[in-house]
Amino acid sequence: MAQANVAVIGYGLSGAVFHAPLIAADPRLRVAAVVTSSPERAGQAREEHPGVRVFATADELFGAATDIDLVVIASPNRTHSSLTLRAVAAGLPVVVDKPFALTAAEGEAMIEAARRAGTMLTVFQNRRWDSDFRTVRRLMADGALGEVRRFESRFERWRPEIKGGWREVGGADEGAGILYDLGSHLIDQALVLFGPVDDVYSELDARRPGVRADDDVFVALTHASGVRSHLWMSAVAPQLGPRFRVLGSEAGYVCYGLDPQEAALRAGRRPGDGQPWGSVDPVDWGQLGAEGDLRLTPSEPGAYPDFYAGVAAALLDGAEPPVDPADAVAALRIIERARAVAAR
């Protein structure tokens, strides 16, 4: 198999802006099929990926596409588990967008099904390849911060008016809310950096009229290592805090703004288009140091293409998948604990 044929289930923001362009940018992967019931999105898929087959339902895909080598599930959160189980039962490797599932129990069942079927299963935790996160990992590996004591991470937006989609007006049974949406990223990053968690504290609020799910969340994690992670995610922040504030025994690191890759993808840019990918303008670099001795430190470039390069290596070379789905189950356990704490 010189090039793997990929089917993308769901062609909304996730499928059309994140997955399909990154798949198409990898020379060993091809967007061969898309599942969408929207005529407009079907036309978009055909225009963006010439030769792609478009199916209105997952049933049609599984019934007709016999040459598919990988299924990417970019559909609404509530469908992640059932579609994964169906793809795995058909012997197909799967990439699942975050959140991996709605509960840790669902996630464990998905992993067990893939293990029994002998198929690859991984999770699109693309924020592990964000510029700022890669920079923090580099600083920690270099010992530039000393012993990290506190990790502050924010993903905040100012969206005072709701748009009315299921992510806002849906309930927890649909995987709606900002804890599932952005918390899946922030919790995963904290676990990657600092390991298992002993204690969870949380505050979950639905601030905007008409919103059923949480849109303003704070989660505090106490890691077994002793590090404390403070995570904010909000749609109602009129002023945005630093993306990261990492405090160590020797120095701290503070940076603002978001990794540029999402904006580039939304604007129609693609990896390999001849321009540097994921690079951060020096004016947006974070500051490293201690009070009285702060200096700009270069940001690592963002590297979303590395995720699908890892998927291709897993499919075609037998490498380990780029994200262990057990990591996503660990994050789901924390989300469940956070919801339980906030409900007391």
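How many bridges join strand S5 to S6? In this predicted model, 4 bridges join strand S5, residues 94-97, to S6, and the two strands run parallel. Within this pair, Val-94 is the residue that stands opposite Leu-121 of S6.

S5 and S6 are part of an open sheet of 6 strands, whose order is S3-S2-S1-S4-S5-S6 and whose pairing is parallel. At the edges are strand S3 (53-55) and strand S6 (121-124), each of which pairs on one side only. On average, and with direction ignored, neighbouring strands of the sheet are turned by 25° against each other. Strands of a sheet pair through backbone hydrogen bonds, either parallel or antiparallel.

A helix packs on this sheet. Helix H4, residues 80-89, touches strand S1 (4-9), strand S4 (70-73), S5 and S6. The direction of H4 makes about 175° with that of S5.

H4 also has a helix as a partner. H4 and helix H5 (residues 104-117) pack at an angle of about 10°, and their axes are 9 Å apart. Angles under 35 degrees count as roughly parallel, and H4 and H5 are therefore roughly parallel to each other. On the H4 side, the contact is made by His-80, Ser-81, Thr-84, Leu-85 and Val-88. H5 contributes Glu-106, Ala-109, Met-110, Ala-113, Ala-114 and Ala-117. Sorted by class, the residues of this contact of H4 with H5 comprise 7 nonpolar, 3 polar and 1 charged.

The UniProt record, in an unreviewed entry, lists residues 5-123 as "domain: Gfo/Idh/MocA-like oxidoreductase N-terminal". In the model, this span is 45% helix and 22% strand. The C-alpha atoms at the ends of residues 5-123 lie 18 Å apart.

Helix H9 (residues 183-194) packs against helix H12 (residues 325-342) at an angle of about 115°, with 9 Å between their axes. That angle makes H9 roughly perpendicular to H12. The crossing in which H9 passes H12 is right-handed. From H9, the residues Ser-184, Ile-187, Asp-188 and Leu-191 take part, and they meet Asp-327, Ala-330, Ala-331, Ile-334 and Ile-335 in H12. By class, the contact of H9 with H12 has 6 nonpolar residues, 1 polar residue and 2 charged residues.

Note on methods: Residues are numbered from 1 along each chain as its sequence is written. This is a predicted model: local features need pLDDT of at least 70, side-chain atom pairs count only at pLDDT 80 or more; totals for chains, interfaces and linings use all residues. Side-chain values use heavy atoms; hydrogens and water are left out. UniProt positions are given in the numbering used here, feature names are shortened, and annotations may be inferred rather than shown by experiment. Axes are lines fitted to C-alpha atoms, for helices over the stretch in contact, and angles run from 0 to 180 degrees between N-to-C directions. Angles under 35 degrees count as roughly parallel, over 145 as roughly antiparallel, 65 to 115 as roughly perpendicular and the rest as oblique. A crossing is left-handed if the near helix is turned anticlockwise from the far one by less than a right angle, and right-handed if clockwise. Contact means heavy atoms within 4.5 Å. Ala, Val, Leu, Ile, Met, Phe, Trp, Tyr, Cys and Pro count as nonpolar, Asp, Glu, Lys and Arg as charged, and the others, Gly among them, as polar. Two strands pair if DSSP finds at least two bridges between them.
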